[in-house]
Amino acid sequence: MNMAPTLDQASGPSETAWLKILSKYRKPHAGRSTFELAVTVIPFTALWILSWLAVHYGIWIGMVLVIPAAAFLLRLFMIQHDCGHGSFFARRRIDDWTGRVIGVLTMTPYDYWRRAHATHHASAGNLDERGVGDIATLTVKEYKALSAAGRLKYRLYRNPLVMFGIGPIWVFLFKQRLPFGMMRSGALPWVSTMATNGAIAILAALLIWWIGVVPFLLVHLPIVVLAAAAGVWLFYVQHQFEDTHWSEGNEWQFQQAALHGSSHYDLPLVLRWITGNIGIHHVHHLSSKVPYYRLPEVLRDYPELGDIGRITIMQSLRCVNLVLWDEGSKRLVSFREARRIA
């Protein structure tokens, strides 16, 4: 019999109850982690080479292989993500160097990203701590207080074409080349970013020397862009959904923000695998040390968690219009709804 707290208790002050329960899932299996890494790296490499061969021999229909290649690059990012939490091998040195190497492929400086992501986990759902490692979200009141130019800027930022098209290109290809937000946070963000940039430049130079600049751009660029767009989409729907939770001041509680401020993105089995179960995001936020391949075990043993913040693919598509936090109704609303509230 599962000695789990009820959902009412889960949303209340008994934070240690769920944390204690989830602690038994935190231990990774070294063999399983190695296997997960191998079944991601090998297919990615094979699909990359096959995509290049399609370009080299003019078999343009073969370019469709960049789509599954991007999916495996996304999965590599999920492994890097677990390394950042120290939950993949649970040995910090191995996790860190695995994450740093993968960061060259994902174009994400590992140590810089890890620090920003830790801030996100420590403050998710806190209205007083927005702005680091998250999607910028204004309240209705804050939006109304903006100038016309400020409102236009925010509308452009939240436009789907910008958020999921231009945004991922800007973040992964350009923004992450400098440690924005941590310019004065010591040497580590700079070392991480510049070392990653150097490794990316060396890898790109070798590949261009081997296959040529045009084939390299035709193969690698779409893979990176597609993976980046998918990653931004996942990160978006994990926190920007109708029943999400935000609070401020003393009202903010870690467990409540983790369970109710993060979604359970209920994906089909194949997508669940390729995304490293990141859709079980509420459990991940509650205990980030649980390896991604053990998250389904949690839902299997405690199915009551599966209904918290659950959204389907169809429901997630409607989340794009949710752009402002209404402090009155305590939910995300669209620009149209915000006008009605006014």
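Which residues line the second largest cavity?

**Figure 1. The second largest cavity of the predicted model.** The lining is formed by M78, H81, D82, G276, I278, H284, V290, Y292 and L295. About 40 Å³ of space lies within this cavity. Helix 4, spanning residues 66-84, makes the greatest contribution to the lining, with three residues. By class, the lining comprises five nonpolar residues, three polar residues and one charged residue.

**Figure 2. The largest cavity and its lining.** A search of the whole structure returns two cavities of 30 Å³ or more, and the largest has a volume of about 140 Å³. Its lining consists of 16 residues, with H120, A124, G125, D134 and W246 lying nearest the centre. At least two lining residues come from each of helix 6 (110-123) and helix 11 (213-239). Nine residues of this lining are polar, four are nonpolar and three are charged.

**Figure 3. The largest nonpolar core.** This core contains 33 residues, and those with the most contacts inside it are F44, W48, L73, F88 and I223. Helix 3 (30-56), helix 4, helix 5 (92-106), helix 10 (187-211) and helix 11 each provide at least two of the core residues. Helix 4 gives the most, with eight residues.

Note on methods. Residues are numbered from 1 along each chain as its sequence is written. This is a predicted model: local features need pLDDT of at least 70, side-chain atom pairs count only at pLDDT 80 or more; totals for chains, interfaces and linings use all residues. Side-chain values use heavy atoms; hydrogens and water are left out. On a 1 Å grid over the protein atoms alone, a cavity is a set of points where a 1.4 Å probe fits but cannot get out, and a pocket is an open set with protein on both sides within 12 Å along at least five of seven lines; lining residues have an atom within 4 Å of a point. Grid points are joined across faces, edges and corners, and a volume is the space filled by probe spheres set on the points. Helices (H or I, at least four residues) and strands (E, at least two) are DSSP runs, numbered from the N terminus. Ala, Val, Leu, Ile, Met, Phe, Trp, Tyr, Cys and Pro count as nonpolar, Asp, Glu, Lys and Arg as charged, and the others, Gly among them, as polar. A nonpolar core is a set of buried Ala, Val, Leu, Ile, Met, Phe, Trp, Tyr and Cys residues joined through side-chain atoms within 4.5 Å. Buried means under 20% relative accessible area, exposed over 50%, partly exposed in between (1.4 Å probe, protein chains only).
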